[in-house]
Amino acid sequence: MSKRTLLVLLAVVAMVLAACGDGEEGADTTGAGAATTTTAEPVGETTTTAEPVAEAPSSIVIGAVVPITGAFAGGGAQVERGYRYAVEAINEAGGVAVEEFGVSLPLELDLRDDASDPNQTTSIMEELGGGDIVAYLGGFGSPLHAAGTAIAERNAIPYLGVATAIQSLHEQGYRYYFSPFPKSPDVALSTFEMLNGLLPEGERPLRVGIFQETTDWGEELAALWVSEAESHGYEVVLHEEYAPGATDFTDIILRAQTADVQALLSLPTPPDGFAIYQQMGELGWKPPFSMVVRAADVPTWNDLGPAGEGVLFSAGWHPALGFPGIEPMNERHIEEEGRPADPIVGGAYALVQILADAIERAGTLDHEAVRDAIAATDMMTVVGPITFREDGTVPITNPLMQRVGGGVELVWPAESATAELLYPAN
Amino acid sequence: MWLSILGVAVALGVVTDDQRIMTIAIQTYILAALASSWNILGGFAGQISLGHAAFFGLGALVTREMWLGGQPFPLSTLAAMVVTAVVAAIVGVPMLRFRDAYFSIGTLALGVAVFLTIGNVRPGISSLPVDALREYEFTGPYFLALGVMAFTVPVSMWLKQGKLGLGMMAVRDDEEVAGASGVSPLRHKLMAFVISAALAALAGSVFAYFSISYYPSFPFSVVWTFEAILVVFIGGIGTTVGPLIGSAFFIVGRYALASNTEEFQVVLFGLLFIIVVLLLPGGLVEGWQRIFGGSASDVVTRAMETKTGETKGKELV
C-alpha cells in the first residue's frame, strides 16, 4: 500500500470517528436553522434606542407536499383544490395582516408533487424546509403524513394535515403537527354508532369482516374496529390481511363470502380498493354493508358502477354540514369541476383558514410564534369550530358519507343527513 | 487529485450549513458508496446483480434496529456489515452457480422477495425519537457519508491492483480460461459478492443514520439497485472513480432537472442517460480521457499507478 493510500485511509478513519462522536461541535457550526427561529426578537437594551424595521417579504410562502400523481392522486387532487381555493379567497379578501411588517401580505402556495411516495415526501420537505416557508401543508394518506411530520418536527416548522386518520402519529410527542381530521378511534366508533343509530335491532349486519392492509395505520384501525365491534354487539367473523399493491383479492373475497360477512370494513389505497370491489363484482358477491375508508374518497369511485354503489366512507366533511364559508367554496368547486365540493376539499380549505388566522394572531412569520398561535386556535372554519388538543388532534364529529346514484350523500350524523342510509346495499 | 476532491468535500462540510446542499451532498455520497460496492461485483467480477438493494436494506435495517435500540452506532454498523456478509456468503454459494442472465434474474427475484417480506413484517414507519429529532444536525451524517464514500475508493483500488481483484477480472473476462489457469471462479465470484454486500451494508448503515423518517422496506426497494447500476454506467463501469463521478452527475442532475422541468425531469433524465451511454460507452471517465487525453482509463487509478509505475488493472468494460 502506497503512502498516499495510507494517508487517505487515515483521513477516512479520522472523519468516521469524528462523525460518530456526539456531534457537539457540529451543533455549534450548523445550528443556524434553529437559531433563525429564536433570534427574531432583538436581544437586550438595543431595542429601546432604535426599533428595527423588518423588511416585509412580497408574500407568505406555504410549502405544500401533495400527491398529484401515483396511488393517492385522486385524493391529492382534492387537497390541491382545497388549498388553492382557500389561498385565492384569502388573497382576494386582502391577504393576511402581519403586525411585524405593518402590512397585509398575500399567501403564496409552493405546492410540490411527491408522487404518492413517502420517501419523496421527506426529501421534498427537507428541500422546502431549507427555504423561507412559514409552514408545511400535508398531502393525502397516512403513509405520506407519517413520513412528513418527523421532518417538520426536526425543522421546527408547523405542519398541518388532513386526509390522515392515523392516531399513533399524535402519540409521538410532536409539537409541530396539527390535524383537524377524524382519527382512527373516531372512525371506528362512528362506524358502529351509525349502524346502531340508524338500523333497528334485528336488521343490523352483525357478522363483520375486515380486509386489512399490512401497514401501521391498517393495524391500528383494524384493531379498533375489532374492539368497537365487540363492544357494540357485533362479531368479527373474518380478519384478512393483504400487502398494499396486491392485485388479486379473489382468495380473501371468497373467504368473506364463505364466512357470510354482512358488514365488510376496509381501508385500502384507491387502486387496491378499486381492485377489491371490481373483483367482488366479477365474483358476484357484495355484503349488505360496506365501509371503504380512503379509497372511496375519490370521485372516480363512481366508475365502478353497481359494484361500488352504496359503499360508505369517512372523509371528515360534507358540504351539507352547513358551516360558514362553505357556500362560496362550494360554488367555486361547481364552477371548476361541475359538482359540489369533494369531501377532502373542505378539510384542506380549512387548513389554510387555520394557518392564516394563526399568522394574524402571531403577528409574525416566526415558526415558533405561528406554532403557538395554531395550538391556541379557537375559530370557525368550513369544517366547523376548531380547537386543538394537546396532541394536535381536534374534538370532531365524524361524518359518514355514502356513494349513491353517482353522488355523495351524508348519512351520519342523522341530524345533518342528506339522505337515509341505503341498506342493504347489495 | 483524489486528496484534493476529499479536501474540497471536507471544507464544504465545515463551511456550509445550507440544508439543501448538505442533503444533496449526503445523498450523493451514499449513492456513490453503494454504486462503488456494486461496481466490485458488476464491474470487477462481471456479475450483473439486480438484487443489490437487499444488502443495502439489510445494512440499514440491522443498523437502525440496533442503534435506535440503544446500541452505539459504530457497533451497529459493524454488526450490520457482519450480518450482511454472512447472509451474502450463504446466499451467494447457490446463486453464483447461475451464469449471466440467470444470475441477474435470480438476484432480482431475491431482491423483490426480500423487499415484499420486509414490507409485510415491518409495515410501520421508522422515525427518530422526538428528542433525537430536535438535536438532529447534518454535520454528523455528512462526514460519516463522506468517510464511507471515501473508504470505498481505496478498497476498490486495493482490490483492483491486488491478486484478488485481478482474479475477479480474470473470471469476468473468461471463466473457463481463469479456471484452467488455477483461478477458482466460484471463490473469486463469492469473494466479490461478499465484499460488495458488506460495503452495500455500510452504505445502508449511513442511510439509516442520516434518514429522519422512512418505511423499513424502502432501502430494500429495487430503485436502489437500478440507481446504483445507472450511476456505475454513467460514471464508468470497472473504474474506481466512475461511481463517484456518476453519482454526483446523477444526483445533482436530478435535482437540477426536478427544480426546472417539473414532471418532465424523468423523461429528460432518461434521454440524457441514453445520450451519455451511446456517446460514451465508458462513461464520463471516458469523456474525461477524450478531452484530456492520457492512456489510463481512470484518472485516480492513473495517479496511483503513476506513483507505483504499474499499469495493471486499468480497463474499461
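Strands, like helices, are DSSP runs numbered from the N terminus, a strand having at least two residues. In this predicted model, strand S16 of chain A covers residues 407-412, and Pro413(A) is found in the segment after that strand. The peptide bond that joins Trp412(A) and Pro413(A) is cis, with an omega of about 10°. Another cis peptide bond, with omega at about -5°, joins Tyr423(A) and Pro424(A), and Pro424(A) is likewise placed in the segment after S16 of chain A.

Positive phi values in residues other than glycine were also examined. Ala115(A), which is not a glycine, has a positive phi of about 55° and lies in the loop between strand S4 (107-113) and helix H6 (118-129) of chain A. Because Ala115(A) has 19 C-beta neighbours inside 10 Å, it counts as partly exposed. For Asp260(A), phi is positive and near 55°, and the residue is placed in the loop between helix H10 (250-258) and strand S10 (263-266) of chain A. Asp260(A) has 11 other C-beta atoms within 10 Å and is therefore exposed.

When its neighbours within four places in sequence are left aside, Tyr136(A) is in contact with several residues, among them Gly63(A), Val65(A), Met125(A), Leu128(A) and Tyr159(A).

Notes. Residues numbered from 1 in each chain as written. Chains lettered and ligands numbered in written order. Predicted model: local features only at pLDDT ≥ 70, side-chain atom pairs only at ≥ 80, totals over all residues. Contact = placed C-beta atoms within 7 Å. Helix = DSSP H or I, 4+ residues; strand = E, 2+ residues; numbered from the N terminus. Buried ≥ 20, exposed ≤ 12 C-beta atoms within 10 Å, placed from the backbone.
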